[in-house]
Amino acid sequence: MLSLQELMKRRKYIGQAFKRLEDLKLLRGLGGFTDDIELADQHYAAILRSPYAHAKIKSIDVSKALKLPGVVYVLTGEEVAKLTKPMYARAAPRSPTTHYIIAKGKVRYHGEPVAAVVAKDKYTAYDALDLIEVEYEPLPTVMTIEEALKPNAPLIYEELGTNIIIHDKFEFGDLETAFNRADVVIKERFRIHRYASTPLENYVVNAYYDKTRDELLVYATDQQPGRTIWGVSRVLGIPPEKIRLMVPPIGGGFGYKLAIWQYVAIISLLSKLTGKPVKWVQTRMESLYGPHRPDGYMDAELALKRDGTMLGMKLVDYQADGNWPFVAGLYSLIKFANMFGCYRIKNLSFEFYSIATNKPPVVQDRGVGKPFMTFVLERLVDLAARKLKMDPTDIRFKNYIQPEEMPYTTPSGEVYESGNYPLTLKKALEAINYKEWRKKQEELRRQGRYIGIGISTGIEPGTSNLGYYYLSKPGIPTFMGAGEIATIEMDMTGRIKVRTSSCEIGTGHMTSIAQVVADIFNISPEEVTVDLTFDSTQGFLGYSGTYSNAFQDVDIGAVVKAANQLKEKILRIASYYLKVDPKQLIIEGRAVKAVFDKSRMITFEDIATIAYRRLLMLPPGEEPGLVVKAAYMNPFAKPPQKTNFNIQLTHANSAHICVVEVDIETGKVSILKYVIVHDAGRVINPKIVEGMAIGSTVSGIGGVLYEEFVFDENGNNLCLTFGEYLKPTPTEAPDIEVHELQSPAPSTVLGTKAAGEGGAITSLAAVANAIEDALSPFNVKITELPLTPERIWRLIRGGKR
Amino acid sequence: MIPRKFEYYRAKSVKDAIDFLSTHEGAKVIAGGQSLVPLMKLRIVSPTYLVDIGRIEELRYIRVGDKGELRIGALTTHAEIEESELIRERWPVLAETAEKIADVQIRSRGTIGGSLCHADPAADYPPTLIVLGSEVVVRGKEGKRIVPVEDFILGPFTTNIEENEILEEVVIPPYNGKAGFTKFARREGDLAVVNAAALLKADNGKVEDIRVAVGGVGPKPVRLEALEDKVKGGVIEEDKLSSAIDEAVKELEPPTDVHGTSEYRREVTKVVLKRLILDLYRR
Ligand SMILES: Cc1cc2nc3c(=O)[nH]c(=O)nc-3n(C[C@H](O)[C@H](O)[C@H](O)COP(=O)(O)OP(=O)(O)OC[C@H]3O[C@@H](n4cnc5c(N)ncnc54)[C@H](O)[C@@H]3O)c2cc1C
């Protein structure tokens with residue numbers, strides 16, 4: 001087996017900003033996305049959505065719709081309830097039992113599927129929706145957590161007798177002593193709003209149930225196909241081996257495409273009922289109905305000594321994520337992965353409530369609960385600095401976990417495997433020239449201009465140990481750990497092809513995998529074919545997919561493992577043929593050569609010929625063929641225990657510094673400068689990682705300044721087009737300067753770490769802290785997002801100069 | 001996001017379009033499609049026919065008329081107005097207005113005629129056209145009529161054009177003095193939370209004439225004549241200007257929506273107007 005040291009010594013491509021191999025196709029419109037696929041006799045589905053946030057469905061009359069020429073089928077919740085099992089809560093001790101893939105009996109949010117139509121073309125399908133007559137009886141809505149917790153609040157799930165889906169509490173260390181010793185306690189309620197990633201490509205499902213083989217074929221824009229097969233099989237009662245799920249390259253994932261399985265189930269059922277291949281392409285409006293990130297609030301208390309030393313923290317987290325039970329609790333539980341931030345906090349309690357409301361469903365959007373966690377923590381730190389009259393940098397330096405403490409285990413059991421937090425901030429302060437900005441801030445303030453500097457440093461965890469879902473649920477977890485499968489083959493002509501069981505979501509898997517495999521076989525990345533289509537018939541694990549920043553860990557781990565096995569096999573065949581000891585062989589120029597006499601060589605092509613066709617020339621006992629499948633799991637995942645668990649398995653970190661100017665008359669914010677120092681361990685392709693840091697940060701900036709789903713008093717979502725739901729565009733995105741540090745992870749095969757969520761996690765507090773700093777003459781305290789111009793204007797008016 | 005069924009007719013001339021519109025119930029003109037198509041996709045509007053006037057070249061021009069007035073054909077795009085050297089030189093405020101509309105793609109398709117007929121209360125052209133004293137030429141079966149822009153726009157998404165009429169031309173008199181347009185929006189290129197235009201003539205610091213109009217803060221763009229009267233004839237002092245603006249803004253009833261409450265819009269209007277007028281005055 002090729003050792004890591006050897007590979008790192010010989011590498012030509014790992015670590016290079018190699019141009020992305022996938023871009024040529026993408027730029028020519030040849031991406032080959034799910035919607036590009038049309039099956040023979042293709043039919044189309046459209047989904048009718050509830051105009052109410054909470055209402056009884058008194059009756060549905062589909063007769064007019066069925067009479068429209070071209071309409072083949074109309075499916076309602078009543079029929080669904082007879083044919084399928086309800087969706088269930090994974091993390092909750094008790095699951096709701098009445099939430100079906102199409103609403104039955106009552107609707108629980110504005111936009112919930114109420115019926116689905118199959119027609120010969122998509123226009124007819126949408127016309128038919130206008131003809132379905134539904135009689136609703138509106139019910140009182142529960143739109144906020146405060147409303148949901150009232151003693152006589154209307155119930156979202158009557159069968160539970162409460163709107164609290166999960167409530168649990170964890171405690172680490174000696175909190176009482178910590179708070180008794182404290183000189184100051186910063187206590188605040190922080191709020192997070194509803195916002196969401198909105199990938200350019202919406203959900204697309206194309207399903208065909210083949211009655212001749214009793215097989216379901218599905219193409220879907222699904223980030224977590226392993227889990228979807230599991231979920232769809234369970235809900236529809238089709239055995240997993242009868243489901244073939246294919247995922248072509250996806251036009252942006254961001255976690256949004258983790259919730260598609262509900263629609264895979266609906267469309268598959270429609271195909272089964274009609275015998276036709278049925279395609280559904282979600283409209284933009286449908287995508288804005290939900291899922292979203294949940295709104296919520298956290299009551300946080302941070303205890304400190306007068307010199308700024310952090311002693312302990314109490315957190316009580318309320319998340320409105322219980323209305324789509326499948327993800328209830330996840331936004332809270334994942335906070336364990338970064339709740340200690342970069343700090344040496346020894347004592348902590350965490351209590352959480354997952355609450356059902358009539359807001360739309362929730363999905364594990366970029367960073368999941370970690371952005372809000374970092375927002376709370378980095379705001380608390382700034383508020384503490386203000387109170388203690390310390391510079392926000394000093395209080396951070398004072399409390400950082402030191403590089404020599406690595407690997408560091410947090411009181412809850414999370415293992416920070418490597419990193420240099422003080423250096424990360426130090427580098428960022430140098431890069432932005434912090435002292436200069438502080439001077440400039442004073443100068444400009446004298447001219448009546450309000451500049452602020454915001455610092456946020458955060459942990460960016462990746463690779464979920466999925467056992468964490470079950471921390472609050474008794475019994476053996478359905479899923480634990482994290483792993484992935486890769487297949488590598490040398491074909492009959494000596495070319496190398498790789499696939500993993502993850503999905504391509506736009507994050508450069510093809511290029512990164514090709515770079516790694518190229519170095520292992522000493523060829524160039526262009527010579528490696530990477531198959532980007534997930535195909536369940538090629539083997540997969542329960543949670544195969546692309547999410548949780550696991551690619552750089554378990555995918556790369558599986559690829560390296562498979563490639564090494566293939567390489568060994570090639571060397572064995574060459575050794576037998578050349579009669580040279582494998583230790584004396586090297587790979588060079590698509591051939592295996594003797595180190596001492598390079599004319600003694602055999603080409604890849606000839607090796608492949610032996611393996612596939614001249615089987616009698618194989619070494620004795622060697623299996624024919626050159627296909628290797630290898631599965632890899634991160635070896636550091638622990639089984640979940642309430643007192644000791646690791647939620648995620650790698651921990652990148654970063655420092656964000658943001659400079660803003662606030663127009664105090666209108667509340668409008670301009671970002672003048674933005675610097676990131678990002679440590680994602682060893683990096684395979686720095687350009688790709690830099691791009692993700694920037695994109696992810698812009699998504700965070702969107703969350704702070706622009707994006708918010710607003711609901712009226714009846715629970716109607718008012719932001720159903722991009723005219724109301726405002727995404728930052730290139731004109732809003734500042735120039736973001738990214739600097740790199742590399743502290744390799746000892747826990748992954750190549751030393752890589754999470755890389756795609758850090759911006760979304762760490763940026764919220766950077767921007768918010770900068771705005772509060774700019775407004776310090778007005779004594780403004782920021783505890784709530786988003787910071788729209790109007791909200792800032794109100795804060796300024798409410799504050800006292 | 002999928003429109004209802006409709007038929008398509010490509011008009012050969014203005015007369016052809018008017019004839020077709022007169023004989024087909026529910027038919028609607030399409031120019032650049034930048035406002036109409038989104039409404040169709042949301043099924044808010046469902047025409048039976050789309051009468052495409054996009055190929056009628058006689059409606060696409062920018063030229064100066066006999067009296068030195070600017071004449072713009074209805075099909076002229078926002079991009080053409082933004083880039084026209086003639087307009088940049090002699091009606092610069094109009095180019096400055098056009099360049100603030102939406103994004104490059106929309107400016108390349110959307111037309112001035114379409115913008116005026118769509119009559120979004122927050123559209124950008126109207127305040128500018130109003131302070132410049134512009135008119136539109138509307139043609140119907142019986143011939144043409146000329147309507148001041150102020151009277152053409154009646155309210156949100158309503159104008160005084162008939163279903164079988166075509167807006168042919170926008171006519172803008174020459175101006176001297178300093179004119180400016182400003183816009184406050186959540187993002188670059190969004191529809192305005194508030195926009196405003198002003199035309200100011202001053203001699204030695206004394207205001208001889210001023211015209212001010214605002215958009216986005218009521219059912220339709222309006223001229224603020226009471227404010228103009230207070231400012232006219234004297235020198236501008238910031239304090240006095242502010243209180244005059246406060247008075248004028250009191251009369252407005254801005255809408256509340258997800259981008260801002262009525263109260264906030266009112267406050268921003270004050271800021272926008274003060275900055276615009278002072279900037280013109282000091283320019
Ligand atoms: C994302 C987005 C952002 C935008 N931002 C802005 C902005 O910041 N500022 C702004 O001012 N506008 C904005 N707009 C609107 C834009 O300016 C439109 O282009 C314009 O309003 C319509 O022009 P059009 O040629 O595309 O008209 P169309 O969409 O083709 O037609 C609009 C309406 O006018 C009628 N019509 C068109 N031409 C004629 C004619 N000659 N005679 C009679 N009736 C006619 C049509 O029947 C229809 O009812 C935005 C639009 C979008 C989609």
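Mentor: Let's begin with A:S548, which sits in the loop of chain A between β22 (534–535) and α17 (551–578). Helices (H or I, at least four residues) and strands (E, at least two) are DSSP runs, numbered from the N terminus. This is a predicted model, where local features need pLDDT of at least 70, side-chain atom pairs count only at pLDDT 80 or more, and totals for chains, interfaces and linings use all residues. Residues are numbered from 1 along each chain as its sequence is written, chains are lettered from A and ligands numbered from 1 in the order in which they are written, and side-chain values use heavy atoms, leaving out hydrogens and water.

Trainee: What is the phi of A:S548?

Mentor: Most residues other than glycine have a negative phi, and most peptide bonds are trans. A:S548 is not a glycine, yet its phi is positive, about 60°.

Trainee: Is A:S548 buried or exposed?

Mentor: A:S548 counts as buried because its relative accessibility is 10%. Buried means under 20% relative accessible area, exposed over 50%, partly exposed in between (1.4 Å probe, protein chains only).

Trainee: And what about A:F254?

Mentor: A:F254, not a glycine either, has a positive phi of about 60°. Its loop runs between β11 (243–247) and α9 (261–274) of chain A. With 34% relative accessibility, A:F254 counts as partly exposed.
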